[in-house]
Amino acid sequence: MKFTDGNWLVREGYQIHFPKIVYDVKQEEKALTLYAPCKYINHRGDTLDGPLLTVKLTAPLEDVIRVETWHYQGEKPKYPNFAVANEDQDLDIVETDQQLTFQSGELKLTIDKDHFNIIFENGLGELTVLDQKGLAWIEGPEDKTYMRGQLKLSVGEHLYGLGERFTPFVKNGQSVDIWNEDGGTSSEQSYKNVPFYLSSKGYGVFINHPEKISLELGSELVSRSQFSVAGEKLDYYLINGPTPKEVVRRYTKLTGRPALPPAWSFGLWLSTSFTTNYNEETVNHFVDGMAERGIPLSVFHFDCFWMDAFEWTSFIWDRKNFPDPEGMLKRLKAKDLKISVWINPYIGQKSPLFAEGHEKGYLIKKANGDTWQWDRWQAGMGIVDFTNPAAVKWYQDHLRTLIAMGVDSFKTDFGERIPTDVVYHDGSNPEKMHNYYAYLFNKVVFDLLKEVKGENEAVLFARSSTTGGQQFPVHWGGDCDSTYEAMAESLRGGLSLTTSGFGYWSHDIGGFENTASPDVFKRWTAFGLLSSHSRFHGSTSYRVPWAFDEEAVDVARHFTKLKNRLMPYLYRHAVANNQTGISVMRPMIFDFPDDPLCETLDRQYMLGDDIVVAPIFNEEGLGSFYLPKGKWTHLLTGEVVEGGTWIKEHYDYFSLPLFVRENTVLPIGSNDLKPVYNYTDHVTLRLYQIQQGVRVETPIYNSTGKLAKTFTVTREDDTIEIVVDQPAEPFTVELVGIQSIKNSSVGEFESSENGIKLKIPAEEKTITIALE
């Protein structure tokens with residue numbers, strides 16, 4: 001929202017009040033409060049007739065400073081509010097005549113009392129500045145008021161995040177409203193709005209408001225980031241890094257870290273698609289067709305029409321197409337499949353549940369007490385009121401029946417079009433609930449799965465979300481077209497989301513709307529199976545690979561098997577995400593923050609710490625990508641290239657730019673048929689360009705997230721030593737790019753396609769390899 005007309009004028013109807021000085025200070029053990037009048041005080045008379053802003057500064061966590069600013073403090077409390085951690089750090093405040101300073105960890109704040117100016121800095125220097133116009137109370141038309149914050153943008157500073165956004169990855173120059181919408185992937189709207197952005201300068205800003213926030217990111221003022229909310233209070237957190245990973249680590253400590261998804265969820269998901277015709281025969285044809293073609297399948301998903309039309313959501317199987325759902329699910333699970341079904345938080349008027357929900361007050365109401373309804377999506381639909389504990393139990397009990405029938409996961413669709421002219425059971429403010437509703441919806445479903453299935457067995461496929469929703473994985477990108485442009489915009493959305501504290505992200509392989517060409521489908525298949533989670537799903541057409549061409553079948557098989565073998569590596573990063581908040585797939589700047597060329601890359605990403613993935617976005621099969629400095633080895637071919645440069649190279653459908661960085665010990669699993677197996681049994685450790693003096697620890701977790709063993713690889717001069725802390729199963733060491741060695745203390749060695757391979761017998765604890 002813009003309040004000014006250029007650099008000099010204020011928009012008609014608005015009056016902006018800035019704090020001029022710090023007139024008074026209140027120091028407490030855990031807080032510093034500033035009283036800042038919006039005019040200079042030259043004599044006692046100047047203390048009359050004018051606004052005074054109250055600014056409270058606290059340190060909820062080390063390296064985090066919270067800035068709360070009020071104009072009027074007499075407003076009735078409104079809720080819900082985000083659940084934010086608060087360790088309430090003590091403040092060591094130093095005051096002089098002109099300044100106040102305190103520090104939280106390495107994050108230092110300096111206040112100029114005479115001209116109301118606040119500098120945020122860390123050990124590397126200045127991060128940003130809140131100047132005299134950096135806080136404001138604004139009077140607007142129709143007696144509306146707003147609070148606004150501004151922070152200085154430095155030359156070359158880039159901003160990222162704000163949830164899943166399909167606009168340019170770098171947010172500078174954009175106007176962004178934090179307001180969930182069902183707008184697809186081709187617009188500025190977002191299903192997952194998160195009021196957190198990350199700066200390339202090494203800090204992040206979390207705006208602690210569930211309601212609508214308007215941001216101007218180097219747009220209204222090109223050298224300022226700006227955020228405003230309606231009302232009388234502004235609340236935000238400035239989070240130190242200095243690296244992007246450290247910023248996200250602290251942000252997720254504040255707002256919650258993702259649960260560990262079950263290992264089976266990393267396998268391939270196949271859907272019925274949306275409006276296609278399907279019944280049990282169709283499902284069996286798809287499932288058996290995948291098996292016959294040797295494409296490993298982990299999850300089968302039933303989309304909306306598993307229920308009768310007009311009745312979403314009823315939680316009742318359409319018996320015309322699925323006459324024996326219990327038996328059908330049992331038969332599918334006998335094929336070692338997990339089952340997912342589609343749900344949403346809406347109850348169509350034709351649903352058998354609508355009358356009960358209306359009579360018992362389980363649905364959101366109008367001010368006059370009527371149930372709120374409309375005809376968009378489902379005729380006469382109401383919306384479940386998840387602020388009502390009885391409604392939560394009612395909804396969960398229906399899901400519990402499906403779980404008992406054999407359902408393992410729910411696709412929690414919709415939850416964005418939440419009205420604001422409504423009344424909630426617990427008195428929640430409708431403006432605050434609009435975005436927050438998605439959090440409640442997904443929490444209700446995830447909590448039930450966790451209760452029934454157990455720890456680390458709950459997983460969703462969720463579309464809508466906001467701050468805190470990262471705790472309930474997995475999330476997918478919503479409705480995209482079936483083109484290269486849609487594939488690229490989907491990736492931009494995923495990178496923005498994983499910059500915003502979300503650990504996992506998926507997308508509809510081949511696109512959702514329309515039908516992809518075989519070319520696009522095959523390229524998207526490689527991209528999808530090198531994402532954290534992978535699902536074939538469409539709208540009006542099926543997404544089984546043989547519907548495109550026979551080569552698509554081979555491509556799907558190739559990359560599904562590759563992903564299954566990467567599970568020891570991927571699941572290690574899933575465990576790390578649960579512990580640290582660092583996403584499994586993420587933008588290049590996370591791992592190379594000091595490389596300026598990585599700051600704007602949005603057509604490639606890191607998959608874990610060590611692998612770069614650059615999908616192909618054109619019919620020519622031309623990969624255009626950048627590798628940071630160092631030696632990089634292609635995962636599939638063993639080709640070694642020197643980084644620090646842009647590369648353009650053609651790839652067939654069975655490859656793409658997929659490079660492993662130097663000093664990597666990459667565990668490759670022994671099973672390519674499924675994602676759940678013993679990750680340490682006959683594992684292959686691929687050593688990539690281990691440099692002199694380097695020590696690499698490679699933990700391997702089992703499929704329940706427990707540490708199984710750790711391999712430690714050290715190179716000194718021409719000797720590589722491998723130590724296993726829990727020797728048991730045999731394993732293989734592959735020295736990628738090395739064609740010969742002098743000897744090995746243990747095991748037989750042979751030449752392989754990628755280098756030298758050594759087979760290490762069980763119970764060996766230390767292996768020494770002499771290089772030539």
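Modeller: Please bear in mind that the model is predicted. The strand β46 covers residues 755-760, and its pairing with β45 is antiparallel, over 4 bridges. These two strands belong to an open sheet of 5 strands, in which the order is β38-β39-β43-β46-β45 and the pairing is mixed. At the edges stand β38 (664-668) and β45 (748-751); each has a single partner strand, so one side of each is left without a neighbour in the sheet. From one strand to the next, the twist averages 20 degrees.

The sheet may now be placed in the whole chain, which contains 11 helices and 47 strands. The C-alpha trace spans about 90 × 70 × 45 Å along its principal axes. A compact globule of 772 residues would have a radius of gyration near 28 Å, and the chain agrees because its own value is 28 Å. Of the 772 residues, 62% count as buried. Among contacts between residues at least 6 apart in sequence, 67% join residues at least 24 apart.

Finally, the cysteines deserve a word. With a disulfide taken as two cysteine sulfur atoms within 2.5 Å, the count is 0. For C304, the nearest cysteine sulfur is that of C480, 15 Å away. C304 is buried, with a relative accessible area of 1%, and C598 is also counted as buried, at 0%.

Technical notes. Residues numbered from 1 in each chain as written. Predicted model: local features only at pLDDT ≥ 70, side-chain atom pairs only at ≥ 80, totals over all residues. Heavy atoms only, no water. Buried < 20%, exposed > 50% of the residue type's maximum accessible area, 1.4 Å probe, protein only. Pairing = 2+ DSSP bridges. Axes fitted to C-alpha atoms, helices over the stretch in contact; angles between N-to-C directions. Rg over C-alpha atoms; globule rule 2.2 N^0.38 Å. Contact = heavy atoms within 4.5 Å.
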